[in-house]
Amino acid sequence: MNDRAAVDQEGASVPLKYRLALVLAGVLWSLGGVFIKLLTRDAEFSALGITFYRSLFAALCLAPLLRGRTLPKLRDSLVAIVVYALLLGLYVSATQGTSAANAIFLQYTAPVYALLLGTWFFGERFERADAFALCAAMVGIGILFFGNFHGGEEGPLLMAAGSGLMFGWFLLYLRRMRYADPIAVTVTNNAGVAVLAGLALAFQQPAELAFLPRAFSREPSLLPTALLLALMGCVQIAAPYVLFSYGLKRVSSVEGSLLALVEPLLNPVWVLLLIGERPTPATLVGGFLIIAALAARYTLFRPA
């Protein structure tokens with residue numbers, strides 16, 4: 001299919017394939033809820049085990065692309081790995097304990113935290129549009145959070161909110177690492193998380209750490225689950241990061257952030273279709289306000 005030309009904010013011609021790459025990245029990222037629910041329901045994997053294998057396969061899948069790319073500095077990389085490990089672990093735990101919609105919508109409050117943290121710690125300018133997005137998103141967070149704060153979901157909701165906070169901090173720290181290649185950052189982050197999660201598994205869940213050797217040696221019935229873990233790391237993490245990096249070569253970061261909002265929109269849809277999990281009315285209303293606030297910030301209230 002021939003590329004159709006579009007026009008970005010600077011008036012330069014941007015082939016449609018770059019925008020499609022960003023949308024496809026969001027679609028693949030949105031499969032995370034389904035993978036986590038399936039691995040929890042059918043294989044009873046812990047959040048730590050899912051985080052380990054997801055990051056391990058993502059790092060292995062992307063490692064061949066490292067050659068010639070600029071790596072992040074060791075100190076920056078260590079901080080990024082710790083923050084990334086926290087946001088992944090909290091998100092997976094939250095998705096296991098509450099609805100996928102609650103987990104992904106609360107994780108996508110990250111830009112709100114990034115606005116606040118950027119102002120407090122980095123002296124970034126706080127625009128009027130930022131205040132609008134912050135207020136609207138906070139209303140959405142309140143509706144979603146307190147509308148579901150019952151029935152044993154209190155802990156998972158707090159973890160989901162924590163993943164949003166860590167994600168916001170992670171976004172800020174990625175700005176500090178702009179000198180490094182995005183793929184190289186992704187590889188080092190996932191490799192580091194795999195090491196940290198693997199060490200923790202060795203003490204807490206050694207049976208999960210030995211899962212792959214068991215699947216490929218003496219228990220072939222485990223192979224479908226091993227394939228699911230590999231797909232999660234390679235298709236849901238590695239591939240979309242490559243697509244996102246490719247799309248941002250020609251599309252502005254603001255538009256890229258807007259197109260990536262397809263992830264929180266589709267994540268609950270896949271879980272509904274494949275798992276049968278239905279979001280509550282409070283989740284739908286609160287999630288809509290959060291996503292609408294972010295979308296408006298990137299479009300209607302975009303800085304001139």
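Visitor: Which residue meets Arg41 in a salt bridge, and at what N to O distance?
Guide: This is a predicted model. Its structure holds five salt bridges. One of them joins the side chains of Arg41 and Asp42, with an N to O distance of 2.8 Å.

Visitor: How many residues apart are Asp76 and Arg176, and which helices hold them?
Guide: Asp76 and Arg176 form a salt bridge, with the closest N and O atoms 2.9 Å apart. The pair links distant parts of the chain. Asp76 sits in helix H4 and Arg176 in helix H8, residues 154-176. The separation is 100 residues.

Visitor: Which relative accessible area makes Asp76 buried?
Guide: Arg176, at 46% relative accessibility, counts as partly exposed. Buried means under 20%. Asp76 counts as buried because its relative accessible area is 6%.

Visitor: What is the distance between the closest N and O atoms of Arg214 and Glu219?
Guide: Arg214 is partly exposed, with a relative accessible area of 21%. Glu219 is partly exposed too, at 25%. The two form a salt bridge, and their closest N and O atoms are apart by 3.0 Å.

Visitor: Which residues does Ser77 touch, not counting those up to four places away in sequence?
Guide: Ser77 is found in helix H4, residues 74-97. Ser77 is buried, with a relative accessible area of 8%. Its contacts are Pro72, Met177, Thr188 and Asn189.

Visitor: Which backbone oxygen does the side chain of Thr51 reach?
Guide: Thr51 lies in helix H3 and counts as buried at 6% relative accessibility. Not counting residues up to four places away in sequence, Thr51 touches Leu88, Gly89, Val92 and Val193. Its side chain reaches, at 2.8 Å, the backbone oxygen of Ala47.

Visitor: What separates the C-alpha atoms of Gly247 and Tyr18?
Guide: Gly247 is placed in helix H12, residues 223-247, and counts as buried at 0% relative accessibility. Beyond four places in sequence, Gly247 is in contact with Tyr18, Ala21 and Leu22. Gly247 and Tyr18 are 229 residues apart along the chain, yet their C-alpha atoms are separated by 4.3 Å.

Visitor: How many residues make up the largest nonpolar core?
Guide: Phe211 is among the residues that touch the most other members of this core. Phe211 touches Phe45, Tyr53, Leu222, Thr225, Ala226 and Leu229, not counting residues up to four places away in sequence. A second, separate core has 14 residues, including Leu87, Leu88, Phe170 and Val185. The largest core has 39.

Visitor: Which residue caps the N-terminal end of H9?
Guide: Helix H9 covers residues 182-204 and has 23 residues. From its first C-alpha to its last it reaches 32 Å, close to the 33 Å expected. At its N-terminal end, a side-chain oxygen lies 2.9 Å from the backbone nitrogen of Ile183, and that oxygen belongs to Asp181.

Visitor: Where in the protein is confidence lowest?
Guide: The average pLDDT is 87, and 90% of the residues score at least 70. Helix H3, residues 47-62, has the highest mean, 96. Over residues 1-11, pLDDT stays under 50. Confidence is lowest, at a mean of 39, in strand S1, residues 5-7.

Methods:
Residues are numbered from 1 along each chain as its sequence is written. This is a predicted model: local features need pLDDT of at least 70, side-chain atom pairs count only at pLDDT 80 or more; totals for chains, interfaces and linings use all residues. Side-chain values use heavy atoms; hydrogens and water are left out. pLDDT is the predictor's confidence in each residue, from 0 to 100. Helices (H or I, at least four residues) and strands (E, at least two) are DSSP runs, numbered from the N terminus. Contact means heavy atoms within 4.5 Å. The expected span of a helix is 1.5 Å times one less than its number of residues. A polar contact is a pair of N or O atoms within 3.5 Å; within protein, one must be able to donate a hydrogen and the other to accept it, and residues adjacent in sequence count only if both atoms are side-chain atoms. Buried means under 20% relative accessible area, exposed over 50%, partly exposed in between (1.4 Å probe, protein chains only). A nonpolar core is a set of buried Ala, Val, Leu, Ile, Met, Phe, Trp, Tyr and Cys residues joined through side-chain atoms within 4.5 Å. A salt bridge is a side-chain nitrogen of Lys or Arg within 4 Å of a carboxyl oxygen of Asp or Glu.
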